[in-house]
Amino acid sequence: MFTFERFKENHLSLLRRWLNAEHSKDIWQESDDIGKLKIKFLDELPRQGVLPFVIAKDHKPIGYIQYYDATKVGGGWWEAELNGTFGIDLMIGSSVHHGRGFGPTIIKEFIGFVRQKESSIRSIIIDPAPKNRRAIRAFEKAGFVKESEIETPDGTALLMRMTF
Ligand SMILES: CC(C)(COP(=O)(O)OP(=O)(O)OC[C@H]1O[C@@H](n2cnc3c(N)ncnc32)[C@H](O)[C@@H]1OP(=O)(O)O)[C@@H](O)C(=O)NCCC(=O)NCCS
């Protein structure tokens, strides 16, 4: 149902629109400047091993998703995690696509996509803000299990995990 295309320069203005939407502002605090977004999403993140993709539904872009090898991110992130732990983050861009069960399906399909690329995966983590009840529920529906509240460089998060 969903496909994943590597995030490219021509997706930047769409990403900026998604980031500016009311439902994303608090969750993804990024610059509004296209030049800065370009540096972060096309240069800095891939250098840290965070691989960005666009989520497409029927070949139309509807959101952003990324995955990373948790042990390679650095910068104070995931210091207690072992080899084989990967993480994901996502945002469905438009509220017309929220609350329709897309999130859990996207996550399950993306995990299948990532597992084909990364044979060393042992577990996948996701770190919603504790107040992001909709995301937490969507992640439970996708098969993630709540672990504990943790402190990350971006603040308190609820660590959730899927183990293989
Ligand atoms: C989080 C997100 C991916 C979830 O995807 P989605 O397709 O909207 O999720 P779903 O339609 O499956 O449903 C969400 C579930 O949360 C529930 N929910 C919604 N608001 C809720 C709230 N305030 N408290 C508790 N549950 C809530 C819904 O009832 C539904 O559960 P149900 O199917 O058991 O009734 C999507 O909403 C999104 O991209 N949000 C903006 C960015 C974001 O929060 N990203 C996550 C960062 S960690």
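Predicted model: local features only at pLDDT ≥ 70, side-chain atom pairs only at ≥ 80, totals over all residues.
Does Asp58 count as buried or exposed, and at what relative accessibility? At 54% relative accessibility, Asp58 counts as exposed, because the threshold for that class is anything over 50%. The residue is found in the loop between strand 2 and strand 3, and its phi is near 50 degrees, a positive value in a residue that is not glycine. Most residues other than glycine have a negative phi.

A second residue with a positive phi is Trp78, at about 55 degrees, and this one is not a glycine either. Trp78 lies in the loop between strand 3 and strand 4, where it counts as buried because its relative accessibility is 10%, with the limit for burial set at under 20%. Lys72 is also found in the loop between strand 3 and strand 4, but with 59% relative accessibility it counts as exposed. The C-alpha atom of Lys72 is separated by 21 Å from that of Leu158, which stands 86 residues away along the chain.

The mean pLDDT of the chain is 95, and 100% of its residues reach 70 or more. Among the elements of the chain, strand 5 has the highest mean pLDDT, at 98, while helix 2, covering residues 22–25, has the lowest, at 81.

The largest nonpolar core holds 28 residues, and the members that touch the most others are Ile88, Ile106 and Phe144. Elements that give two or more residues to this core include strand 1 (2–6), strand 4 (85–92), helix 5 (133–142) and strand 7 (155–163), and the most is given by helix 4, with 6 residues. Around Ile88, once residues up to four places away in sequence are set aside, the contacts include Tyr67, Ile107, Phe110, Ile124, Ile126 and Phe144.

His11 lies in the loop between strand 1 and helix 1 (12–20), and it is buried, with a relative accessible area of 7%. Leaving aside neighbours within four places in sequence, His11 is in contact with Glu5, Arg6 and Val54. His98, for its part, is found in the loop between strand 4 and helix 4 and counts as buried at 15% relative accessibility. The side chain of His98 is joined to that of Arg134 by a polar contact of 3.5 Å, and beyond residues up to four places away in sequence His98 touches His23, Ile92 and Arg134.

Ile92 leads on to the ligand, for it is one of the closest of the 21 residues that surround the ligand, together with Gly101, Gly103, Arg137 and Lys141. In Arg137 it is a polar side-chain atom that lies 2.9 Å from an oxygen atom of the ligand. Taken alone, the ligand exposes 950 Å², of which the protein buries 73%.

How values were computed
Residues numbered from 1 in each chain as written. Heavy atoms only, no water. Core = buried A, V, L, I, M, F, W, Y, C linked by side-chain atoms within 4.5 Å. Buried < 20%, exposed > 50% of the residue type's maximum accessible area, 1.4 Å probe, protein only. Helix = DSSP H or I, 4+ residues; strand = E, 2+ residues; numbered from the N terminus. Contact = heavy atoms within 4.5 Å. Near = heavy atom within 4 Å. Polar contact = N/O pair within 3.5 Å; in protein donor to acceptor, adjacent residues only side chain to side chain. Areas by Shrake-Rupley, 256 points an atom, 1.4 Å probe, with all protein chains shown as cover. pLDDT = per-residue confidence, 0-100.
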